[in-house]
Amino acid sequence: MSRKNARFSVAAESPAHKVLEYLMLIVGSLIMATSFNLFLNPNQIASGGVAGISTILHHETGLNPAVIQWAMNIPLLIFGLWLLDRQYTLKAAVGSIIFPLCVLLTSHLEAPTHNLLLASIYGGMGIGLGLGIVFRGKGSTGGLGLAAQILQLYTGISLGFAIALLDGLVIVTSGFVFTAENALYALIGLFVTSKTIDVVQLGFRYSKVVFIISEHTDAIREAILYDLDRGLTELNGSGGYTGAARTILMVVVNQNEVSRLKALVKSVDAQAFVILSATNEVLGEGFKRHA
């Protein structure tokens with residue numbers, strides 16, 4: 001490893017960086033717990049996860065949801081420490097303790113609405129915001145995420161499918177314990193959560209990756225570099241039918257630059273073949289800094 005790379009590696013593992021990660025874990029858990037107590041639990045919306053299970057069991061047993069969450073997380077953590085990556089599981093253990101604690105500390109909050117649609121949307125947004133912050137801090141709140149990893153280990157199914165399967169079982173169960181309508185709103189909450197996580201992780205800005213194939217590559221390159229002021233990459237390709245060598249230009253632009261780029265290409269070669277593809281995140285010069 002070079003001295004430069006070693007310096008960056010040390011910086012990434014600095015105490016301040018670790019403190020920031022755990023601070024994000026605490027803040028994210030607090031946001032999740034607040035959303036759980038304000039919107040989801042009082043309206044009996046169990047949109048997956050250990051939190052959803054605690055909503056169901058709270059209704060059936062009267063036990064505090066935080067106690068239920070701790071009781072469920074402990075065996076999952078034991079299995080996780082035994083079967084999975086120890087470093088990841090130790091960090092998940094911290095999240096498994098902090099999130100129920102935040103649920104306990106915010107359990108006195110009164111629900112601002114009993115409209116199921118509003119509760120599922122705002123609750124889903126809050127859970128997604130909190131989880132997104134936790135994930136950005138490279139943390140975890142444990143729960144069914146650990147259970148999904150264990151299921152993946154023993155069955156070989158994908159992690160995404162394992163998580164969806166477990167969340168689905170929670171939602172279906174809530175339909176029997178509460179009502180089918182509650183289960184449908186739980187699905188809405190789960191969908192909103194996933195989209196909110198994407199926003200927190202990737203941001204609102206969307207970029208386009210553009211591939212350009214033309215007989216006038218040099219002129220288009222000059223227009224992109226100096227008129228649009230964007231960098232580009234040249235890729236070597238060949239025609240599938242003719243086998244003739246082709247130069248393919250690849251350029252990444254912001255959403256508001258797409259029209260200008262298309263106009264520039266058209267002004268040089270109206271017959272150019274242009275492919276535009278959406279991309280969620282671009283790191284590097286001219287775009288977003290590396291985290």
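**Reading the pocket and the sheet**

Mentor: By class, 19 nonpolar, 15 polar and one charged residues make up the lining of the largest pocket. Please keep in mind that this is a predicted model.

Trainee: How many residues line the largest pocket, and which lie nearest its centre?

Mentor: The lining comprises 35 residues, and those nearest the centre are Gly49, Leu131, Thr141, Gly145 and Asp167. The space in this pocket is about 720 Å³.

Trainee: Which elements give two or more residues to that lining?

Mentor: They are helices H2 (15-40), H3 (49-61), H5 (86-105), H6 (116-136), H7 (144-155), H8 (159-177) and H9 (180-202). Of these, H3 gives the most, with five residues.

Trainee: What does UniProt list as "transmembrane region"?

Mentor: The unreviewed UniProt entry lists residues 20-40, 67-85, 92-109 and 115-135 under that name. Such a record can be set beside the model. Residues 20-40 are 100% helix and 0% strand, with end C-alpha atoms 28 Å apart. For residues 115-135 the figures are 95% helix and 0% strand, and the end C-alpha atoms lie 30 Å apart.

Trainee: Let us turn to the sheet. How do strands of a sheet pair?

Mentor: In general, strands pair through backbone hydrogen bonds, in either a parallel or an antiparallel manner. Here four strands form an open sheet in the order E2-E3-E1-E4, and the pairing is antiparallel. Strands E2 (233-238) and E4 (273-279) are the edges, each pairing on one side only. From one strand to the next, the twist averages 25 degrees.

Trainee: Which helix packs on the sheet, and which strands does it touch?

Mentor: Helix H10 (residues 217-227) packs there, touching E1 (207-213), E2 and E3, and its direction makes about 15 degrees with that of E3.

Trainee: How many bridges join E2 and E3, and what lies opposite Thr233?

Mentor: E2 pairs with E3 (residues 245-254) in the antiparallel sense over six bridges. Opposite Thr233 stands Met250 in E3, while Gly237 has Arg246 of E3 as its bridge partner.

Trainee: How many residues separate E2 and E3 in their hairpin, and what is the phi of Gly243?

Mentor: Six residues lie between the two strands of this hairpin, and Gly243, in the turn, has a positive phi of about 75 degrees.

Methods. Residues are numbered from 1 along each chain as its sequence is written. This is a predicted model: local features need pLDDT of at least 70, side-chain atom pairs count only at pLDDT 80 or more; totals for chains, interfaces and linings use all residues. Side-chain values use heavy atoms; hydrogens and water are left out. Two strands pair if DSSP finds at least two bridges between them. Axes are lines fitted to C-alpha atoms, for helices over the stretch in contact, and angles run from 0 to 180 degrees between N-to-C directions. Contact means heavy atoms within 4.5 Å. On a 1 Å grid over the protein atoms alone, a cavity is a set of points where a 1.4 Å probe fits but cannot get out, and a pocket is an open set with protein on both sides within 12 Å along at least five of seven lines; lining residues have an atom within 4 Å of a point. Grid points are joined across faces, edges and corners, and a volume is the space filled by probe spheres set on the points. Ala, Val, Leu, Ile, Met, Phe, Trp, Tyr, Cys and Pro count as nonpolar, Asp, Glu, Lys and Arg as charged, and the others, Gly among them, as polar. UniProt positions are given in the numbering used here, feature names are shortened, and annotations may be inferred rather than shown by experiment.
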